[in-house]
Amino acid sequence: MGITGDMNEIDLDTGILDKYEDKVVRKASNMRGFYGDEEALEKLIKSGDPIIYEVYAVPREGEGELSYGVTILHPGTVGGEFYMTKGHYHEKRDRAEIYIGIRGEGLLLMQNGDEVKWEEMKRGTIVYVPPFWAHRSINTGDEDFVFLAIYPGDAGHDYGTIAEKGFAKIVIKEGNGYAIIDNPRYR
Ligand SMILES: [Fe+2]
């Protein structure tokens, strides 16, 4: 057996992944509908439309394969809610996922039906997202929150369910920390 080329390198201090094949950038203007304070979001969009998060991925979409990607979630708030990812269920609901914290600090919020749970994440944290649980990450710190995610290649992403219903809880800035409260817009 020789060298296959089936390898990448991640800088474990910065989270920068070489030879990624897919890059997704979500700016404030891509997050319409996800924050309670729509006015605050529009103000942010007008003031330069900053990047909320970036994903660098190596997709392997076949059944039985694994995909992986690094997410860089920048720090900030919109009307008191922290910068966060859109969040998704897997299209194939029974597909699980592993998250590994690289730098910064945040939360991984998970939801299955109306049931919600969360884990705090920082460098070295490993969180298991079981089958059937939607997941969203939230930057509760004041620097980038960076993590690696590994998931079944055929999982697929269903963003629509969360876009429509939201999560049952939202995460807001409170003093130097955070509070997890009921989402008044949850349907
Ligand atoms: Fe996922």
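**Working through the fold**

Q: Where is glycine 177 found?
A: Glycine 177 is in strand β15. Helices (H or I, at least four residues) and strands (E, at least two) are DSSP runs, numbered from the N terminus.

Q: Which kind of model is this?
A: This is a predicted model; local features need pLDDT of at least 70, side-chain atom pairs count only at pLDDT 80 or more, and totals for chains, interfaces and linings use all residues. Residues are numbered from 1 along each chain as its sequence is written.

Q: OK, back to glycine 177. Buried or exposed?
A: Glycine 177 is exposed, because 8 other C-beta atoms lie within 10 Å. A residue is buried if 20 or more other C-beta atoms lie within 10 Å of its own, exposed if 12 or fewer, and partly exposed in between; C-beta atoms are placed from the backbone.

Q: How far is glycine 177 from threonine 140?
A: Their C-alpha atoms are separated by 7.1 Å. Along the chain, the two are 37 residues apart.

Q: Which way do β14 and β15 run, and how many bridges join them?
A: β14 (residues 169–174) and β15 (residues 177–182) run antiparallel, joined by 6 bridges. Two strands pair if DSSP finds at least two bridges between them. Lysine 169 stands opposite aspartate 182 in β15.

Q: What sits in the turn of that hairpin?
A: The hairpin of β14 and β15 has 2 residues between the strands. Glycine 175 is in the turn, with a positive phi of about 60 degrees.

Q: Which residues other than glycine have a positive phi here?
A: Among them are lysine 19, at about 50 degrees, and phenylalanine 132, at about 80 degrees. Most residues other than glycine have a negative phi.

Q: Where do lysine 19 and phenylalanine 132 lie?
A: Lysine 19 is in the segment before β1. Lysine 19 is exposed, because 10 other C-beta atoms lie within 10 Å. Phenylalanine 132 lies in the loop between β10 and β11. With 16 C-beta neighbours inside 10 Å, phenylalanine 132 is partly exposed.

Q: New topic: sheets. What is the strand order in the open sheet of 6 strands?
A: The order is β1-β2-β3-β12-β7-β10, with antiparallel pairing. β1 (22–27) and β10 (126–129) are at the edges. Each has a single partner strand, so one side of each is left without a neighbour in the sheet.

Q: How many buried residues does β1 have?
A: The count is 0 among its 6 residues, so β1 is hardly covered, going by the buried cut-off. β1 pairs with β2 in the antiparallel sense over 6 bridges. Valine 25 has glutamate 54 in β2 as its bridge partner.

Q: And what joins β2 to β3?
A: 6 bridges join β2 to β3, which run antiparallel. Tyrosine 56 stands opposite valine 70 in β3.

Q: What about the open sheet of 3 strands: what order?
A: That sheet has the order β9-β8-β11, and its pairing is antiparallel. Its edge strands are β9 (115–121) and β11, each pairing on one side only. Between β8 and β9 there are 7 bridges. In β9, glutamate 119 is the bridge partner of leucine 108.

Q: Which residues touch the most other members of the largest nonpolar core?
A: They are Leu108, Leu109, Phe147 and Val171, in a core of 40 residues. A nonpolar core is a set of buried Ala, Val, Leu, Ile, Met, Phe, Trp, Tyr and Cys residues joined through C-beta atoms within 7 Å.

Q: Which element gives the largest share of this core?
A: β12 does, with 5 residues.

Q: What is phenylalanine 147 in contact with?
A: Leaving aside neighbours within four places in sequence, phenylalanine 147 is in contact with Thr71, Tyr99, Ile100, Gly101, Ile102, Met121 and Ser137. Two residues are in contact if their C-beta atoms, placed from the backbone, lie within 7 Å.

Q: Last one: how many helices and strands does the protein have?
A: The protein has 2 helices and 15 strands. Of its 187 residues, 33% count as buried.
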